[in-house]
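Hi,

Here is the structure I promised to pass on.

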4 protein chains.
Amino acid sequence: MEEEKMVFILKKNATETEIDNLEQAILSLGLKYRLVIGVDRITISPIGDEIGTQIENLEAMPGVEAYLKVQKPYKLVSRDSHTQYNHNQTRIVDVKGVKFGGDKPVIIAGPCAIEALVDGKPVHALTEVQSENAEYPIFEIAREMKSLGADMLRGGAYKPRTSPYDFQGLGLEGLKILKQASDETNLPCITEVVDTRDAEKVAEYADMLQIGARNMENFELLKEVGRTKKPVLLKRGKSSTMKEWLLAAEYIIAEGNDNIVLCARGIKNNVSEEYGRNQADFDIIYELRKETYLPVIADPSHIGGERGRIPSLAMSALASGAQGLIIEVMKENAKPVEVLCDFKQSLMPSQMKELMSRIKKEYN
Amino acid sequence: MEEEKMVFILKKNATETEIDNLEQAILSLGLKYRLVIGVDRITISPIGDEIGTQIENLEAMPGVEAYLKVQKPYKLVSRDSHTQYNHNQTRIVDVKGVKFGGDKPVIIAGPCAIEALVDGKPVHALTEVQSENAEYPIFEIAREMKSLGADMLRGGAYKPRTSPYDFQGLGLEGLKILKQASDETNLPCITEVVDTRDAEKVAEYADMLQIGARNMENFELLKEVGRTKKPVLLKRGKSSTMKEWLLAAEYIIAEGNDNIVLCARGIKNNVSEEYGRNQADFDIIYELRKETYLPVIADPSHIGGERGRIPSLAMSALASGAQGLIIEVMKENAKPVEVLCDFKQSLMPSQMKELMSRIKKEYN
Amino acid sequence: MEEEKMVFILKKNATETEIDNLEQAILSLGLKYRLVIGVDRITISPIGDEIGTQIENLEAMPGVEAYLKVQKPYKLVSRDSHTQYNHNQTRIVDVKGVKFGGDKPVIIAGPCAIEALVDGKPVHALTEVQSENAEYPIFEIAREMKSLGADMLRGGAYKPRTSPYDFQGLGLEGLKILKQASDETNLPCITEVVDTRDAEKVAEYADMLQIGARNMENFELLKEVGRTKKPVLLKRGKSSTMKEWLLAAEYIIAEGNDNIVLCARGIKNNVSEEYGRNQADFDIIYELRKETYLPVIADPSHIGGERGRIPSLAMSALASGAQGLIIEVMKENAKPVEVLCDFKQSLMPSQMKELMSRIKKEYN
Amino acid sequence: MEEEKMVFILKKNATETEIDNLEQAILSLGLKYRLVIGVDRITISPIGDEIGTQIENLEAMPGVEAYLKVQKPYKLVSRDSHTQYNHNQTRIVDVKGVKFGGDKPVIIAGPCAIEALVDGKPVHALTEVQSENAEYPIFEIAREMKSLGADMLRGGAYKPRTSPYDFQGLGLEGLKILKQASDETNLPCITEVVDTRDAEKVAEYADMLQIGARNMENFELLKEVGRTKKPVLLKRGKSSTMKEWLLAAEYIIAEGNDNIVLCARGIKNNVSEEYGRNQADFDIIYELRKETYLPVIADPSHIGGERGRIPSLAMSALASGAQGLIIEVMKENAKPVEVLCDFKQSLMPSQMKELMSRIKKEYN
């Protein structure tokens, strides 16, 4: 119960009738109220176990100057509801033994998309004939990431792309390849889901489901991944506030799924900068630790937009309290024509090796 | 020296004199130039050690099409692909006789959501028993809007709400009520679709499908409404660029559905203002007219966030070139407790009447 | 006295000692307080005639959860302090008979900068010899604006430019020319002041002083123009909130100068758009009317950045409640090489004529 | 077809093989190309009916310098103009032996403002009588910072405050106190200058001049501090782009003063977040290293806005490449009523000690 935080400030010249009307309106919502007559100002606080959002409508009543509300709109995801966790400690989300929120940062690595090369060239979709001859770079990448000490494998099968003419992912075929690479290397895998109709199917193949930035407020999709009970990586929307982000998590948890890891991936730059793909937002991690008991990792690749920027962003994220990283990696010395997705921002294994050793030196 | 990066693109029909004049103007700035005669296009690049900002002024010279602008990524929605339309003219999108892009602004009005009152109180969902006794305010609102000269009826049956605990719409029951109110008043109706699985069903009942701001980059949903071939109202994303918006339209049109109307609904405020719900973005309309042949309307209700702000926003949108408005209206003197959705920003019919007469005075 | 709007919310587990300490801290600031013991929450409101900003520091005291403040930080500029004005009415600022805030919109027009042509070419500064032969386009522009019915003449003598290599204005020489053109045409003139050391001198020549967007928080300059007692046009900062803007006006008025007109000139675009120079911000005018009794005009030229955009922006501003416009105009068919400043966004007199007739048709 | 607008700029030392490889890569995408051998630069423009987004990937190929980027408007501050510095190395700015841009991070610490306590209470201004009895907390703070290993002392004598009713600094009296504390502890001192008329006077007392965020585009002030030839700390404007920031530095350097250190201090938050004072902007440091040869430090205090946030922000800044920090510190356990400026965001010496030991552990 946090009802004391909500209060109507009445206008100085509010009439008795106006005050009466406000009181009646509050009662009609099934609530009680507290009237406080101050030196030169009257305030009325609604009281009740369940104060809905309708109460806000009363701000428009005559005689009301303002309606102050400090109450947090999210409940299940909030730290306040989980007093078993000490200050600064978060929930452990376990993905086949990989522990988000544990003692050391979790490193997820892999290609932007699961891609297929036929005759050395990437294809946008696979015919049956092609499938037989196709090569899948993800296998090699997965083995290299395993040897470098990464914890999980990433790879997109359904890709949300700004243009309808860009590569949209290999779909089900991609899922199968991802699962195979995951099984071979014993790295649990994560992939994005973009359609309510696919959630169940994706959950069959992947160990963790990703909700991308563009779908953070696709509420039907959030409910659907909630129902799968699979661990979810929930990326921050392109320009979402912390409150909107936590309410998106609340949609998932309200379906009974609290296996949620948040992922900071930058926000739209607000000063029209020409560099970078997004504005780094690692300072939200400190605030998240206060507000929620869910662990949070960071995605330097989508912030940087260019491979040279990734290492400093990664170290900066960890210094800000990120409990893990998700990083795009491609084959060593891949040629631009061999990669359909995020070539510019993907690290090469040799660069990833260097970054992993910096991370281990500081955080193990 | 980076002179090769700057280039004037000449118009295809640029005359020799115009080309000469541009060359002379460049020389008069103390610069040299390089003329490149391309496959079907001529470009001129200024050369010099110090090229000042004055060079940009030459973009306004006759015969010059552009000065160093990036290629447009959208095709089917672009004005360039539709030369049958004169400058400033847009495609007509016809919804049961209502013509977006025609001679006068199209006015869409109605409640935020289709709501049901049982025993005078709004309910979040209807049981069968309740359905029999329920009252639906939308009928009265629809009749009043018809009498005021509105062209179409709005009302949400599936509501995307930031909190999972807010009213999510009456669903199928709501769709049926909307259709009934639409048939009775002979006002074509529009409603939002939020799930790929619902698109077909919603298309059965509604005359126009709305894609909300939160789903502007829900690409699977865009494809799905594209496949219905129904007219679509595509709202701008909360912080989308014009390019991202037009690419979202391109997803719909790429499925063979070019019955698209764009809707400016404001963007997230970038200076942390405490007033208003969104920052008005009507200045994008001028730019849209240059880039696309699709008509565009505006949504003052979701920008204003408070009823007093709506009229000036509406007039400002039309003055900016909006070809219609979509406005939230509730019952006259509705009490806050009687409305579940957007009470604060809904106009009352008496206020709508006043606004309609201002619009008719200026635009009929 | 608005002290009831400020309140400390105590933590649920606040100890008696913590509450005592907060009370003592409030008393030590020379204030009294009111303690309210709610159902499960205690609040303390400080009371006093003058509650300084130090009170906010107490939010950091143990036991305090939050400090709510609704009080407006500006006083002299606020509508509340000027009850002689009816709702929606603003103060009249009189500049030599031109009345801002009166019955019809005030139109200020003229070149971006006062420029000089020597041998038909613009010069960055004038030698004595050049002065004798120089031509000044502002004279012709001023006469044309007068004939079109404009109310005031604009022209910059000191130009704040993003690059040190751009034309910085003709300085004192420019001031003299502006004054001459103003006297000849009987149009009161306005020009920008950018340095505390120049304020007095500029006030000798100009009828109204302009504070540009970049200097909105140059507080020493605000104080200095406050001391001149001349009418001031205060542009909004590039990304200022309404509160910051009104506090800037408060700096001027605190020096005893309440001859202030606000000028909306757009804010930095927050979605990295590639069109326009700034994001139109006309929806702030509705809010300003509620908060302040000062009149407000708009600057479509610096929002548009390109001449084709100006007319729709101008009409949109007036529809939003702007009480005037300031518009950049150059000579008819001026060549790019003849204009040093804002060529692309300056209207030609023939275009200005068309706009003036649209304005007169609707607002006279 | 607009193919001429896209162009690869080749490096001056690009080899024939590199050029061949780029041509082959373009052909492999199904495109043609145009080679232009310029005065001292070679460019290649891809040609084709449909040029996809993959073409951008080629920017990463050896021999390619850039792909369709706009010309840089700043010159003297750019890295290109200072080829004596190796990649990632910056100019050393020496302030009385303290070396910005050297081997280890420079730590500047001290109170927000130089304040005076009379009878234990802070005063807004000092009368002569008061001066005799006043205590100045900066002396104790300075000694403690010295003992912790800080390199320089900060303290404001002229404070730009959003409200005219807030403490504006002790002025000349403050300068003298700062100088005294600096001399006693042998810590070079820095203070802000806010008025062109004060620049010379401040330069007499301070070892380094600070330009605050609000004055970053106060060009007359920039010129004036340029003329003093004193080292300058140039903070980023509240919502400035990197380009605007570097052009502000260009104003200083154009006056012959290249002793400039840049300071990232966050930008306005663009998603209306309620936490923090500004959005951290440390990812600009990577980009600055590419664009300019000037060193850059960070100000975690003005980003955090609250003392608990400072340590993680500080470590994050250094991980991002910041070459120093400027941090606000107050007396241990100071009471809120004893501090006029930035109480909430000032570290206590005990907290500063902990931070210093983290910094030394990692960076010495």
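This is a predicted model: local features need pLDDT of at least 70, side-chain atom pairs count only at pLDDT 80 or more; totals for chains, interfaces and linings use all residues.

**Chain A with chain D**

On that definition, chain A and chain D bury about 3,400 Å² between them, and carbon and sulfur atoms give 48% of that area. As for who touches whom, 42 residues of chain A are in contact with 45 residues of chain D. Six salt bridges are counted between chain A and chain D.

**Chain D with chain C**

Over at this interface, the buried area is about 3,500 Å², with 50% of it on carbon and sulfur atoms. Here 40 residues of chain D are in contact with 42 residues of chain C. The salt-bridge rule finds 11 across the interface of chain D and chain C. K238(D) and E217(C) also make a salt bridge through their side chains, at 2.8 Å from N to O.

In chain C, take helix 10 (residues 310-319) and helix 11 (residues 349-363): their axes come within 10 Å and cross at roughly 20°. Angles under 35 degrees count as roughly parallel, so helix 10 and helix 11 of chain C are roughly parallel to each other. Their crossing is right-handed. Helix 10 of chain C brings P311(C), A314(C), M315(C), L318(C) and A319(C) to the contact, while helix 11 of chain C brings L355(C), R358(C), I359(C), E362(C) and Y363(C). By class, that contact has eight nonpolar residues, two charged ones and no polar ones.

In chain A, the pair is helix 7 (residues 242-253) and helix 8 (residues 284-291), with axes that come within 11 Å and cross at roughly 50°. Helix 7 and helix 8 of chain A are therefore oblique to each other, and the crossing is right-handed. On the helix 7 side you'll find M242(A), W245(A) and L246(A), which meet I284(A), E287(A), L288(A) and E291(A) of helix 8 of chain A. The residues of this contact divide into five nonpolar, two charged and no polar.

Cheers

Note on methods. Residues are numbered from 1 along each chain as its sequence is written. Chains are lettered from A and ligands numbered from 1 in the order in which they are written. Side-chain values use heavy atoms; hydrogens and water are left out. Axes are lines fitted to C-alpha atoms, for helices over the stretch in contact, and angles run from 0 to 180 degrees between N-to-C directions. Helices (H or I, at least four residues) and strands (E, at least two) are DSSP runs, numbered from the N terminus. Angles under 35 degrees count as roughly parallel, over 145 as roughly antiparallel, 65 to 115 as roughly perpendicular and the rest as oblique. A crossing is left-handed if the near helix is turned anticlockwise from the far one by less than a right angle, and right-handed if clockwise. Contact means heavy atoms within 4.5 Å. Ala, Val, Leu, Ile, Met, Phe, Trp, Tyr, Cys and Pro count as nonpolar, Asp, Glu, Lys and Arg as charged, and the others, Gly among them, as polar. Buried area is the accessible area (1.4 Å probe) that two parts lose on being put together, summed over both. A salt bridge is a side-chain nitrogen of Lys or Arg within 4 Å of a carboxyl oxygen of Asp or Glu.
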